[in-house]
Structures are given as structure tokens and as C-alpha cells.
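Here's a quick tour for anyone meeting this structure for the first time. Have a look at the sequence and the model, then read on.

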Amino acid sequence: MKKNHIIKYPFISLLALLFLLPLSLLTQALDQQQLSNLDQLVNSALKQTGVPGVSIAIVQDNQIILTKGYGTKEINKNKPVDENTLFAIASNSKAFTATAMGILVDRNQVSWDDRVKKYLPYFELYDPYASDHMNMIDILAHRLGYKHFSGDLLWYDTQYKPEEIIRRFKYVKPDFQFRSNFGYSNIGYITAGEVIAQISGMSWRKFIEKEIFKPLGMKNSYTSYQSIRKKTKVASPHYEALDNQGNVIFQPLDWHHNDAIDAAGSIVTSAKDITHWMQLQLNRGSYKGKNIFSKAVSDKLWTAVNAVSIPPKTEQSPNHLMAYGLGFFVNDHHGKLMVTHSGSVEGMTSRIALIPEDNLGVAVFTNSTAPLATQLAHQIIAITQKNQVKSESEPFDSAKLAANNKRNFKDKIAARASALGPITKNTQPAYSLADYAGTYRSKMYGDILVELKNDQLTMKMLPSPMLTAQLSHRHYDVFTIHWDNGRAWINEGTAHFVSNSKGQITELKLNVPNDDIWFDEPHFYRVAPNP
């Protein structure tokens, strides 16, 4: 799909859809007025933002208060979201992984202080000291010494297995000293998944299914994107784009089966199923009288380990302090502890938030890249607690929220274009197009194949079958990357062919400005002699 394709939205009466959607109201924790406020809030947010669909779950006092879907599974298609619709919860999977490690701690099969190398002898980082001393707390609390999302190109649409990803990560230089900062690391959680597999004798996926999904009765939950290929109750991902008039629109996106992310973010579930998970966490490891893990493990998961830098308190971010525990962020929220995490995979976002003092859990799943899940979760907590985040003189304004989200997206796109730098006009490539063709190799990532077909340069990132592109001359020996497939996280980039003093093309440098995947981490060198 072209990103500049204009979508015209047919009018869909979400209020009419509500009468068709299942609703579970098992207690009087939400009265009719609060339910009406909630429905109005969500419907207004969908209408104003253009987000196609949302699924919501609320639990309190060990009971399911609400499971409900709003909107549609795919834009322009009248297929409503309901409580059983499947969404990718991405990094909310990390809490499952940390909990799985805790289960093994309870069984005395591992200690939180055990070093990774004890179980994965091949584990090696760029820093030998970090390699030898990295323990379970380090990988679960993001203390590896790298910037946020470092190494994510290794799992992004690649066909690499977890062990291969871990082995290749050793070529990435750290950005900070070991244990000196909070650097969000998917690689750390992929590593944790492999530790769990090594100790338990079963894959991370099988362990989650057997030790968590099964005892909780989560029969509509899956540990890989491949598992849902033939399912029908699945929400379609959507990404934000600009049409020809510069308006923000949502485009449907094919599921990117990023199963290589594994223990860091591959769980797919529904609002109905996630209620069992929230109850387990709020009950500190107990579910329907059965202990899945101990209170000691629960305490460990919720204990602040790694401080997170946050901006000053605002109405949209009503907290003063934040830290990462194990699989969860922990922060203050209007004077109470919030245990929470968000999740973002291409075309879907989610937020799970627990307020232990109120025995309250809220989950919001959306099928878009817009930041609506977190915004709605905070407002739902406010409604449930009968305590509006904003003052009564300034109620939740979905139109203002939508305008802010759209402005922020446009600003992000503009910033990415600016990061590519200005184009120097009236320049020509230093070589014929055929001279740029060849294989460029990175020890960290693998090979890039540049080919000339019908006078058009193309680029294939071979470990990632979906990362193919057309290259058009930008200036000098720099070409603009035009991806063949619509992406939620990345836009255009540049490919810079570098020559040595002999006039031979020896290196390829990529610049793809985005917020998650660092294309500049691998260094690609030409492996075939220049003609």
C-alpha cells in the first residue's frame, strides 16, 4: 500500500455497535453513570482520533468488572471488536517473562543473582566484564549499558533464532557503563527467554503456555504471531500516514510476524483473557486458590530496581517518580503505586496498569500506532476511582487529544525528513549504477544485497525478507531508500556508499531516522572485490 493513498472514512455508528458487543458487568463497582461516561469517552476518542478499534478490560477486588470492545477490527470494514478479539500486546509480554523467571526462582532452579553465562556459555557482549557479570536482575531491569532499543534491528522482521540474535549482539558497542543507566533492552529479554528455556528444558513459549496460560485458563492467548495466522477474531494492525493533503490517516497493515522478538514481545491475547493475568498479579501470585508464584516473587517484580528519567509532573503524566522493576514499570499515580507497562508493535499499542492499593487492574488494547491506549487507561482509572485526572472545569477532551496526537505525528515526520539533511542539487553519482551493486556485510547484522535491475538500484536486507527497497539518487554517492512495504515505525532513509583512497566503493552506511530501530548500529563492508 502506498503511504500517500487517501482513505475516505465511511460513517460508522459506534453507539449502534455497542448494542452488538458483549459486556461483562459482574459487580457494582461501576455504576450506570460511570459506564455511560466510559462508553462516551471511548466512542468520542475513536471518532476524534480515527483509531479503528479498542478493547478494554477492568478487574477489581478479584472480580471482572468489564470486558468490552469498541470500534472495528479493520478500518472501513464493519467487523466489530469484542472481548475475544486478539491483539498483540508486544512489550507487555515482558511481565510474563519476568514472572516465568520468578516461578523458576520459587523452584530453586535459578537465583536472581545467577550470572547469565552459567546457563548460556555462549553469552558474550562487547564489554568482557559485562559479559562475565551480567545476572538475571540486569537483563530483566534493563541494566546492560546500552541505549534504548539497541540491537533491535537483529529481530526486526528477521528470521534469526534467539540464540543467533544474542550471539550477534556482541558486536554492538555499549553506550554507557554496565549497570550505570536505564537502557530499555529487548535483547535482554530475548536472553532471559533463552535462560528460561535452558533451565526448564522447554522453549520460552512452551513454558509460558504450560506454567501461566494453562493454570489461568487463558485459552485464547498465544506466544507467537505465527499461531494466529488462521484465526478469524484478530484485529488488523494500522499505521499512521499522511495523505496527499497532509492529513493524518490510518492505513491497514499486514501482520509483521516478528516472532524473533520472542520473550521480549510476542504474546497475542484478548481483553477477556488478560483479566485472569491481572487478577493473578493483583493477588500476588495466587489465582483461584492456587499459588502460581510466591509473594516474595511478586515483591521482587514490583520493587524499583532501575531509576527512569521522566519529565516534570503534568496532567497527562501525573507522576513524580518512575523506575523499572522486573517486567514492570513502577511509579506514583496521584499518591498511589502504579505497576504498569506499555506495548508497541508495528500497528498495535497496549497498556496494562495495576493500582494495587485499590486492587484495580485496567488493560487497553488498540489496533493502531497512535498513543491512545495509555491515554485511555489513565482516564478509565480516573472514572473507576471516581476521581477525574483533570479538574471538573477541564474534562477529558477527546478532540483536543486527537489534535495533539495528530500534530505530534506530523512533527515526528517532519523531524525525520529533516534528519536526512538537505539535498544538494545538480549532482551526479561518482560511479555508474552498476558499480554500486554488490554484497555488503556486517558481523552484527548479516548481508545487504544491492542489485541493478532495469536501470533501477534495489536493496535487500537479507536477514529481513520484508526489508526491501528501491534506491533513487539523492546527491553525490547518497541514495534515498524507498521501502517496498508500508511500515509503521520507519519512513524513508538514505544509503551512503563510501569509497576508499583508491576510488573503490568499500562501505555502505544507512540512515533511517526513527524512534525504535537503529540502522546505524551495524557497519556494512563490501565483501566482493570492486570491478
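This is a predicted model: local features need pLDDT of at least 70, side-chain atom pairs count only at pLDDT 80 or more; totals for chains, interfaces and linings use all residues.

Let's begin with helix α3, which spans residues 93-106. How do we describe two packed helices?

| Helix pair | Angle | Axis distance | Handedness of crossing |
|---|---|---|---|
| α3 and α9 (residues 271-282) | about 50° | 13 Å | left-handed |
| α3 and α7 (residues 186-200) | roughly 35° | within 10 Å | left-handed |

With α7, the α3 side of the contact is made by Lys94, Thr97, Ala98, Ala100, Met101 and Leu104. Over on α7, the partners are Asn186, Tyr189, Ala192, Gly193, Val195, Ile196 and Ile199. Sorted by class, the residues of this α3 and α7 contact come out as nine nonpolar, three polar and one charged.

Now for α9. At an angle of about 50°, α3 and α9 are therefore oblique to each other. Which residues meet here? Ala95, Phe96 and Thr99 come from α3, while Ile274, Trp277 and Gln281 come from α9. That contact of α3 with α9 has four nonpolar and two polar residues, and no charged ones.

Last up, the aromatic rings. How many aromatic pairs does the structure hold? There are 22 of them. One aromatic cluster is formed by Phe149, Phe182, Tyr184, Tyr324, Phe329 and Trp518.

Key
Residues are numbered from 1 along each chain as its sequence is written. Side-chain values use heavy atoms; hydrogens and water are left out. Axes are lines fitted to C-alpha atoms, for helices over the stretch in contact, and angles run from 0 to 180 degrees between N-to-C directions. Helices (H or I, at least four residues) and strands (E, at least two) are DSSP runs, numbered from the N terminus. Angles under 35 degrees count as roughly parallel, over 145 as roughly antiparallel, 65 to 115 as roughly perpendicular and the rest as oblique. A crossing is left-handed if the near helix is turned anticlockwise from the far one by less than a right angle, and right-handed if clockwise. Contact means heavy atoms within 4.5 Å. Ala, Val, Leu, Ile, Met, Phe, Trp, Tyr, Cys and Pro count as nonpolar, Asp, Glu, Lys and Arg as charged, and the others, Gly among them, as polar. Rings of Phe, Tyr and Trp (its six-membered ring) pair if their centres lie within 6.5 Å; planes under 30 degrees apart count as stacked, over 60 as edge-to-face and the rest as tilted.
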